[in-house]
Amino acid sequence: MMNYFPDEVLEHVFDFVTSHRDRNAVSLVCKLWYRVERFSRQRVFIGNCYAISPERLIARFPGVKALTLKGKPHFADFNLVPQDWGGYVQPWIEALARSRIGLEELRLKRMVVSDESLDVLSRSFTNFKSLVLVSCEGFTTDGLAAIAANCWFLRELDLQENEIEEKKNDWLGCFPDSCTSLVSLNFACLKEVNLAALERLVARNPNLKSLKLNGAVTLEALQRILMRAPQLVDLGTGSFVLDRDPNDSETYKKLRATILQCRSIRNLSGFLKVTPRCLPAIYPICLNLTYLNLSYAAGIHGSELIKLIRLCGKLQRLWILDCIEDKGLEVVASTCKDLQELRVFPSDPFGAGHTAVTETGLVAISSGCPKLNSLLYLCQQMTNAALIAVAKNCPNFIRFRLCIRDPAKPDPVTMQPLDEGFGAIVQSSKRLRRLSLSGLLTDRVLLYIGKYAEQLEMLSIAFAGESDKGMLYVLNGCKKLRKLEIRDSPFGDMALLRDVGKYETMRSLWMSSCDVTLGGCKTLAKKMPRLNVEIINENDQIKFAHEDSQKVEKMYLYRTLVWPRDDAPEFVWTLEKLLFTPGVLLEDQWSSLTN
Amino acid sequence: MEKSIKFEKDLNLEATELRLGLPGTKESEKQTPSAIKSNKRVLPDMSEECGYEDNSNVSHVKKCDQEVAPPAKAQVVGWPPVRSYRKNCFQAKKMEAETTGMYVKVSMDGAPYLRKIDLKVYKGYPELLKALEDMFKFSVGKYSEREGYNGSEFVPTYEDKDGDWMLVGDVPWDMFISSCKRMRIMKGSEARGLGCAV
C-alpha cells in the first residue's frame, strides 16, 4: 500500500520517526523505504568511529545535519587503553568539509580532537550550531578560539570533562559582538577565563539557558552574570567562595537578591570550591531543582549538605559524593520522592581509600524512592540481602552500576558471593539495559543474567566468574547485547570462539587480563573478516611467528565495514592484516564485505 | 574442650600471633583468593596518592598513614573505575591540601614572646581569627569592610610582600595567605591609625 504514496508523503511520515533504531528499522523494510529514509535522515549516530568510514556516511546520508561519534572503548576512561590508541576526528571533519554536507551539530565522545580539526570545522559549515565534546583530548584553547570566532550562529558549546591545554589566549573574547545566539555554554573543565569577556558575552546573549562556569569565576562575578541572565535554566557555579563573614559582605547580599530573580533554574552543579556558609544563598533555588550535581563539591559535607538536600523535594536526578554517608542517603530517601537517578562518586577516587556509603544507604534509597531507574553506586560493601531488598523496592531499573571498592569482595555478613543479589536485580528489573557488576561473583550470576536480562545492552564484568561457561551464559542468553567489557576474569578461547557470529550482532567486545590467547584471537579473526580484532600490547612484544598459546593482555574487537584502520599505533595489532597476504586479502574478502 | 578454648583466650594468642600485616589488622580483612589474583596488576607507585616524597613535616606523614590502606590491599590499575578527569580534579585538591605548611610569626603587643602558626591549616579568616583568639587569649571584635575591627582594642594586622602593614581580612583568603609574611596583633591607640572608625 505504502508503495502508492509519493516519496514526499513517506518522508513526512518518517519525520515522526526520530530514534536512530527506529529509523534503522524503517530503512530495512524495502528498497523504497531505504531510499526515502536515507535522503531524509538528518541525525546520524555512530557508536564506533571505526565501524564505518566518513565517505560511506556521506554517500548514504547526504542530508545529515547532526552527527554523533564515539571513539575509544569505555575502559579508556579508567586508563586501560594507552595513549595514542586512536579515535581521531580529523578524517571525519576533513571528509565532511570536502563534501557538500551542511553539518550543523557535532557530538564527540572519547575522541582525539586537534586544534586543526576545530579550525577546519569552524570554517567549513556556515550553519554550524552545536559542538559537544565529552571526555575528549588533544586540543587547546586555540581550537576553541577558532570555534568562537568563526561559527557565527553558534548555539551550543558544551565541554564536558575534557583534557584541554590552556594557552594564554583569550578564546572567549573571540566571540564576535554579533554573536547573540548562544543557548548553552559549558567551560567548567577549563581553569582560566577572561571574566570581563564572559560578562559581556552573557549580556548580549539573552537566549542563554545553560551556563556552566569554571573555578576562575568568583562569587562576585557570578552575581554580575546572574544579573544579566535571570532566565537561566541550567547553572554550574564556579568558585562559590567568600573570604569573610557572609553577613558582612555586600557582595553576598547582592547575590542573594539576584538569585531570587532567577526563578527558572532547574539544574544546578559546580561548587568546585565552596565556603559552606554561603550556601543559604542558593536555598531558594533548591525548592525547584530537578537535577543537582554536587559530585565535584568536596567542600560541602556533613550538616551543610544535609540542610541543602532537605530543601530539594522535587529532585529527579542527584549526583553526589560519598561523603554524604548512609545517614545522608536516608535524608535523600525521605526528601526526594521523585528521584529517578542517583550517582554516588568517591570523594577519594584513588584505590586505597575508604568509602563512607554501604548497603544501608542503598536500601534506604530504594525504599524511599520507588521511581529509581538509574543507579551508579560506589560503596564499601554490599550484601545479598540488601540487593534483594533493592530489587523488590525498585523494579524499574534501566541502568544499574554497582562498584564495591575492594575487587571481588564477598557479602561481609554471609561471606557468600553476590550472585543471588545481582540475580534478584536482573530478575525484577525487566527493562534493564545497562549493568555493571562487582564483588565476589561466580558463574551463577552470569547464568542469571543470561536467563533474565532480556533487554540488556551493555554489561561490565570485573574480577568475576569461574569458567568459560560463565561468559557463554551471557553470550547465549542476552539477545540484545551490544557492548560487553570484561576484565580480570577467567574466560578463555573456548568461550571466545563458541559463537563467533554473535559478535557481528554487537558493537564491541573488550577483554583484558583474561585467559584468551593469541591463537584464539587469530582463529577468530580468520573466521570473521567483518570483525576487527585488535590486540593491545604495550609492554610485551609478542612475535606472531610463535607463541600462539600466549595470553593476550588486552583484546578489543568490533564489527566494521571498513578495512582494519590504518591509523593504528605500533602497539595495536590488527590481526586480520597480518593473517593474509595483500593479494589474497583483496580478492577473498572484498565480496564478503560488499554483500 | 571448653576448658582449652578458655585457656587459649587467656593466653591472648591472637595478639602474639606472627602474621604478615600491620599490627591491628584483623583476619577478616585479609583478601579472598580471587582478590589476590589481582595482585599481578599492582601499581607500585603510591606517591601520587599523598606526596610521599616530601616527608619533612611530621604531621603530614601522620596524615598519610591514616589515609593509606594497609599494604594487604593492593592497588589495581583502573580500579575503582573512576574517570581520569575526576581523578585529576581530586588529585589537585589533595595536593593542595598536603603541601608543606606556611608558617608565619605572630607577635602580640605586650606579650613576652612570639608564636608561629601554619596558615595552610585554616580554611578562611573566621578560623584563623578564632585560633589567634584562643592562642593569645583576646577577642578581636567584629570585622566590616568599612570600619575594620570594631568592639575591641586588639586589631590583627599582617606585613605583606611589599613590607606594608595591612589589616587582616581585606583581601580574599587565597591572596592573604600568599602575601602574608608575618602577623602582629596591635593593641590600643596604635591600632587606630589603620582605618578603624574614629
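Q: Are A:R565 and A:E534 buried or exposed?

A: Buried means under 20% relative accessible area, exposed over 50%, and partly exposed in between, with a 1.4 Å probe and protein chains only; by that scale A:R565 is buried, and so is A:E534. This is a predicted model, in which local features need pLDDT of at least 70 and side-chain atom pairs count only at pLDDT 80 or more, while totals for chains, interfaces and linings use all residues. Side-chain values use heavy atoms, with hydrogens and water left out, residues are numbered from 1 along each chain as its sequence is written, and chains are lettered from A and ligands numbered from 1 in the order in which they are written.

Q: What do the side chains of A:R565 and A:E534 form?

A: A salt bridge is a side-chain nitrogen of Lys or Arg within 4 Å of a carboxyl oxygen of Asp or Glu, and the side chains of A:R565 and A:E534 form one at 2.7 Å, N to O.

Q: Which residues are joined into one network by salt bridges that share partners?

A: A:D77, A:R110, A:E161 and B:R83 are joined in this way.

Q: How should I read backbone angles?

A: Most residues other than glycine have a negative phi, and most peptide bonds are trans. Here A:S135 has a positive phi near 50° and counts as buried, at 15% relative accessibility, whereas A:N79 has a positive phi near 65° and counts as partly exposed, at 46%. The peptide bond from B:W79 to B:P80 is cis, with omega near -5°.
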